[in-house]
Amino acid sequence: MTDNGNPTQGPHEPDGQVERFDTSTALPLDQGHIVGTGGIPEQFANPGLPPHVHRMADHDEGAARRAEKQVATLFGISALATVLFVVCYFAIPRDKFSFIPLVGQANISHVTLGVTLSISLLGIGMGAIHWAKTLMPDTEVVEERHTLRSAEEDRHGAVDTLLEGGQGAQIARRPLIKYTLGGALGLFAIPLVVQLVGSLGPAPGDELYTTVWKKGTRLVRDPELTPVKATDVTIGSVFHILPEGIDKTAYPMNEKAKAAVLLMRLDPKDILSQKELDWGYHGIVAYSQICTHVGCPVGLYEQQTHHLLCPCHQSTFDVTQDAKVIFGPAGHPLPQLKITVDQDGYLMADAPFAEPVGPSFWERG
Amino acid sequence: MNSLAARRRHPAAIVVILMLGLLATGGLYVLLSPKTAQAAVATADDVNQGKKLFLANCATCHGLKAQGTNDAPSLVGVGAASVDFQVGTGRMPLAGPNVQAHQSPKLKYSESEIRDLAAYIASLGPGPAIPEESELTGGNQAKGGELFRVNCAMCHNFTGAGGALTRGKFAPALDDVSGKHIYEAMVTGPQSMPVFNNTNIDKQGKADIIAYLQGLDENKNPGGITLGRIGPVSEGLFAWTFGIGLLIGFAVWLGRKAA
């Protein structure tokens, strides 16, 4: 508290009990502490309001007049902008486009209407604030607060009215009504709970484990739904693939969210995984497009690095290493669809997906 | 007829028949085979001019026979379309070693020089040709939009605003790219971009995509700052920084006592 070894009397410093040190020089850590006594006063004195400081405009008539002019200018700007709005509304053709700084080529009518209207509203608001701050009274005023409790007489009266009503309804004398009413009101809560629990929908069953793909399903282009020949897929190509017949299913969009596949052709020499080669067809490989993190469509294929990037959280899969996760939050590699060709040379699935596609879920782990 | 019939067992007959058959198939193949379209027929002179340009400007990296070096890929078989795209958009010659060649408005070569270079590279091996004007027009915007959203939007954004790829690479914005360059990019797959050949997206589909992108270019701004028109990310950022900043400024002004 004091830095020159001159103790002052305070509630925490009973006189003569504290050894004083010259704290202007360095002290060891175990010295120089002041031991308090825990003496907290019963009540702090009300410090009252700070002294009122007058504003320029309160005692200088010139400043007040200046403030008046400033407020009037702000209101004037608003009025001018409003007039300008009306002029623009009628003068500027609605389909005229022209260059506007900061915005570029844009519809000039819309821009001028928006700008003038916002200036007129802003002018009113800023003028009001400036008026209140400079000229309206700013002295602190004490507002007395009165007790909110009603008079004792009124309170008893209210209770009596309630009791009289109960007596008149004979609720105490007729327990049959009392208990059936209680039962009816209590049961009324059940429909609310039943709807909540009952509307959670059916359990997903095996839907999370299966897709439309099965052995023999042809690979078709999205969105044309035309089958793909193995010879169509040149090295460096990427095809967005759906299973044939997906448009005939009950909920094609739901099925697409699970069955979308990305088909790529790599130079077989670039593929490092034997399983990937075996499940592909001469370097044509098909992978689920549904990210194993939270199910975004993984579509950003870089044909030089063979990286597949998910646009949502930047999970990166290496297609040369069986879509191994090489960056980002995805938990496991993208599932590969085993493909082959049918007798007409069209690509088809040789087996369904060997594992559930998309993000992990509770039962899968 | 009789003399022919008499000589049908002549030892030379089989050779004659064989030659005739080969000539017929060869001739038919030349007539009927799918031709790689050339915008302007390249002459030997163009090829020679192109070779000179190549040796003077490109061979340092791509090799004297365009066979590729450690620094640059082989250009044999990339086709005229690839040359026209890379040089015609200012990506080549490369300004400097980087993860990705950048588009540049300042082209290093004139249109005829690019044509010569393309003719020379096309003469090294068959590859995609520069598309003809008729292949770039007449597309259906709605169909193109659908194709674009399936095949292109994951990298280039649904309004063609571009986007980030891995490790500093990016998919460029597609506004004001000419139809020819859009087509060439699809058939050649420059840099990170995969190839979308004509068996994947057919010629009509490519024209549709070009029509969609050119329709986006013609889309006029109805008013206000567009913030890239890429949706809630840029708009949210603007609202949170500028909008809330403005509110805080007014709150401070309101709370301060006037002088």
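Predicted model: local features only at pLDDT ≥ 70, side-chain atom pairs only at ≥ 80, totals over all residues.

Colleague: Which elements of chain A have the lowest and the highest mean pLDDT?

Modeller: Strand 2 (residues 104-107) of chain A has the lowest, 84. Helix 2 (residues 61-91) of chain A has the highest, 96. Over residues 1-18 of chain A, though, the pLDDT is below 50. Beyond near neighbours in sequence, that stretch has 24 contacts in the model.

Colleague: Why is W131(A) called partly exposed?

Modeller: Buried means under 20% relative accessible area, and exposed means over 50%. W131(A) has 40% relative accessibility, so it counts as partly exposed. Its place is in helix 3 (residues 108-134) of chain A.

Colleague: What makes the nonpolar surface patch that includes W131(A)?

Modeller: F75(A), I124(A), W131(A), L135(A) and M136(A) make it. The patch covers about 420 Å². A residue needs over 30% relative accessible area to join a patch. W131(A), at 40%, passes that cut-off.

Colleague: Now the inside. What is in the largest nonpolar core?

Modeller: It has 36 residues. Those with the most contacts inside it are M264(A), Y301(A), L308(A), F317(A), V319(A), F148(B) and I209(B). Strand 5 (261-265) and strand 6 (284-288) of chain A each supply at least two residues. So do helix 7 (141-151), helix 9 (179-188) and helix 10 (203-218) of chain B.

Colleague: What does I209(B) touch, leaving out residues up to four places away in sequence?

Modeller: I209(B) touches G144(B), L147(B), F148(B), C152(B), M186(B) and I201(B). A contact here means heavy atoms within 4.5 Å. There is also a second, separate core of 18 residues. It includes V261(A), I284(A), A286(A) and L347(A).

Colleague: Why would such side chains gather inside?

Modeller: In soluble globular proteins, nonpolar side chains tend to be buried together.

Colleague: How is chain B built?

Modeller: Its secondary structure comes to 11 helices and 2 strands. Of the 259 residues of chain B, 37% count as buried. Chain B exposes about 15,400 Å², and carbon and sulfur atoms supply 63% of that.

Colleague: What makes helix 5 (residues 79-88) of chain B mostly covered?

Modeller: The count does: 10 of its 10 residues are buried. They include D84(B), F85(B) and Q86(B). The buried residues pack against helix 6 (111-124) and helix 9 of chain B. G90(B) follows helix 5 of chain B, with a positive phi near 80°.

Colleague: How do you know that helix 9 of chain B is mostly covered?

Modeller: Again by the count: 9 of its 10 residues are buried. Among them are H181(B), Y183(B) and E184(B). What covers the buried residues includes helix 5 and helix 10 of chain B. Helix 9 of chain B is followed by G189(B), whose phi is positive, near 60°.

Colleague: Why is Q191(B) called buried?

Modeller: The limit for buried is under 20% relative accessible area. Q191(B) has 19%, so it counts as buried. Q191(B) lies in the loop between helix 9 and helix 10 of chain B. Its phi is positive, about 50°, although it is not a glycine.

Colleague: And R167(B): why is that residue called exposed?

Modeller: Exposed needs over 50%. R167(B) has 60% relative accessibility, so it counts as exposed. R167(B) is in the loop between strand 1 (163-164) and strand 2 (170-171) of chain B. Its phi is near 50°, a positive value in a residue other than glycine.

Colleague: Why mention such values at all?

Modeller: Most residues other than glycine have a negative phi, and most peptide bonds are trans.

Colleague: Which peptide bonds are cis, and where?

Modeller: One joins D222(A) and P223(A), with omega about 5°. P223(A) lies in the loop between strand 3 (219-221) and strand 4 (238-243) of chain A. Another runs from M92(B) to P93(B), with omega near -5°. P93(B) is in the loop between helix 5 and helix 6 of chain B.

Technical notes
Residues numbered from 1 in each chain as written. Chains lettered and ligands numbered in written order. Heavy atoms only, no water. Patch = residues over 30% accessible without salt bridge, like charges linked within 9 Å, V, L, I, M, F, W, Y side chains within 5 Å. Areas by Shrake-Rupley, 256 points an atom, 1.4 Å probe, with all protein chains shown as cover. Salt bridge = Lys/Arg side-chain N within 4 Å of Asp/Glu carboxyl O. Helix = DSSP H or I, 4+ residues; strand = E, 2+ residues; numbered from the N terminus. Buried < 20%, exposed > 50% of the residue type's maximum accessible area, 1.4 Å probe, protein only. pLDDT = per-residue confidence, 0-100. Core = buried A, V, L, I, M, F, W, Y, C linked by side-chain atoms within 4.5 Å.
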